[in-house]
Amino acid sequence: MAEPETLLQLGIDAAREGNREEARNLFSLLTRQEPDNVQAWLWLAGVAEGPEQRRAALERVIELDPDNEMAIKGLQAMGVPLPKRGNERAPAAPPPTPAPATPPPEAPAKPAAAMSAEEQFAAELDAAFDDYDALPRAAPPPRAEQPPEEAGKLPPMPPRTSPVPPRAASSSPRSSAPRAHDDEEEEPPRKGPSLLLWVLLGIIALVLIAFLVIQLFFPPGAPAPMPPTQVVEQPTAPGTAPTPASEATPTAAEATPQPTDATPAPTPGEQPTAAPPADQPTPVPAPVTPPEQAQPAPVPIGTVLQADGWNYTYPNQLYALALGPSVANFTAEKGAFLHVLVFVANNTGTPQPLPRDFFVLKDAQGRVYQARPEVSSAAVRPGVNADVGHETPIPANGLTTSVYLVFDVAPDATDLMLFAKNKPDQGFLVTGAVR
């Protein structure tokens, strides 16, 4: 707990700086610690919140020091009669003194002496009372008579209804008018981000989410989904076999003899008769070049090719990687496993896995390598490094599906070309060297 002298000095400093509320709190605390401290009660009267509190403080000073001139002047300025003391008697009327024949000479004025600390305090307190008297106020209500047993008790503090405007304390009398109190409440400052900032953050979040979705489902270099190939039958003359529009025109060596008999047109008035079925020649499959003799021409990365009802492509030059001679429990017989990611679309009309021997690899040395579906199933992580493995059935919906392939290749293989076994004329250069 602070020393009384410290509390008194802090209160005086706060009052002189104009902080009346802080000074009032300090003097109130000091009067509770030392109820008989006359200086504390005097200063509390000087910074009182209202007339009742000032009156109670000054009366308390009179109780402690009946001859205190500052308290007497304060009560007289407020129009409050001084409390009567028990042993005080009305003074006898002095006898009338005869008026002097001639006025005595005036005494020479004495030079003003320097003000002591008490006199300076009195001047400040008088200035505070003068400022208070300058304010318009209603006449004080009549004070009710208190019983003798309650005469020495302090009245309760009234609730705060209309605070006195704060005034800065000064050692010299003040002549400026009191500052008006602003009753309007200030609008509290708005806290937190504004609505416009939230909108901008939401737009940025949506753009980031869209970018991540595009990168996840449509990686750079991936071809667009390949629609299923539609077979359109072209109308032919009676007796000839329909030719699918999606098939290539056969060469002269692959062409088959066509029947030359034409059906005569019916004459008017006669019912047409059905022509007897013509013998259809057995189609001769085109010879397929063995992979060992194939010389596939390299096509650009991402080109979509077709073979045996499948659309396929190699979408990115980085989608082939040698990851060592072992995968799970499988060991490469020729030296290294080459992992290749391809995109395919099943247009065969039947859900099925990609055929085991659909793709082959051929290096610059002329060696041919077959895929290892069982190793692919051990290496694939569906939805992570590919959609499906080599042994997983693919729906016949014509949509692009990534398939994880694994080939057992020689470590010294170079310029590895990936192509379909039944389309050996075109392929993709997947890597220049295994190591």
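Predicted model: local features only at pLDDT ≥ 70, side-chain atom pairs only at ≥ 80, totals over all residues.
**Exercise 1. A patch of like charge**

*Solution.* 

**Exercise 2. A pair across the chain**

Opposite charges come next. Side chains of opposite charge can pair when their charged atoms come close. Work out how the side chains of Asp36 and Arg60 meet, which parts of the chain they link, and whether each residue is buried or exposed.

*Solution.* 
- Step 1: a salt bridge joins the side chains of Asp36 and Arg60, with an N to O distance of 3.1 Å. The cut-off to apply here is within 4 Å.
- Step 2: this pair links distant parts of the chain, since Asp36 is in the loop between α2 and α3 (38-46) and Arg60 is in helix α4 (residues 51-64), 24 residues apart.
- Step 3: Asp36, at 56% relative accessibility, counts as exposed.
- Step 4: Arg60, by contrast, is buried, because its relative accessible area is 15%. Buried means under 20%, and exposed means over 50%.

**Exercise 3. From pairs to a network**

A search of the whole structure gives 10 salt bridges. Start from Arg372, name its partners Glu374 and Asp408 with their distances, and build up the network.

*Solution.* 
- Step 1: Arg372 and Glu374 meet through their side chains in a salt bridge of 2.7 Å, N to O.
- Step 2: Arg372 is buried, at 15% relative accessible area, while Glu374 is partly exposed, at 23%.
- Step 3: Arg372 also forms a salt bridge with Asp408, where the closest N and O atoms lie 3.6 Å apart. That pair connects distant parts of the chain: Arg372 is in the loop between β9 (368-370) and α8 (373-379), and Asp408 is in strand β11 (residues 401-409), 36 residues apart.
- Step 4: Asp408 counts as buried, because its relative accessibility is 5%.
- Step 5: through salt bridges that share partners, Arg356, Arg372, Glu374 and Asp408 belong to one network.

Key
Residues numbered from 1 in each chain as written. Heavy atoms only, no water. Helix = DSSP H or I, 4+ residues; strand = E, 2+ residues; numbered from the N terminus. Buried < 20%, exposed > 50% of the residue type's maximum accessible area, 1.4 Å probe, protein only.
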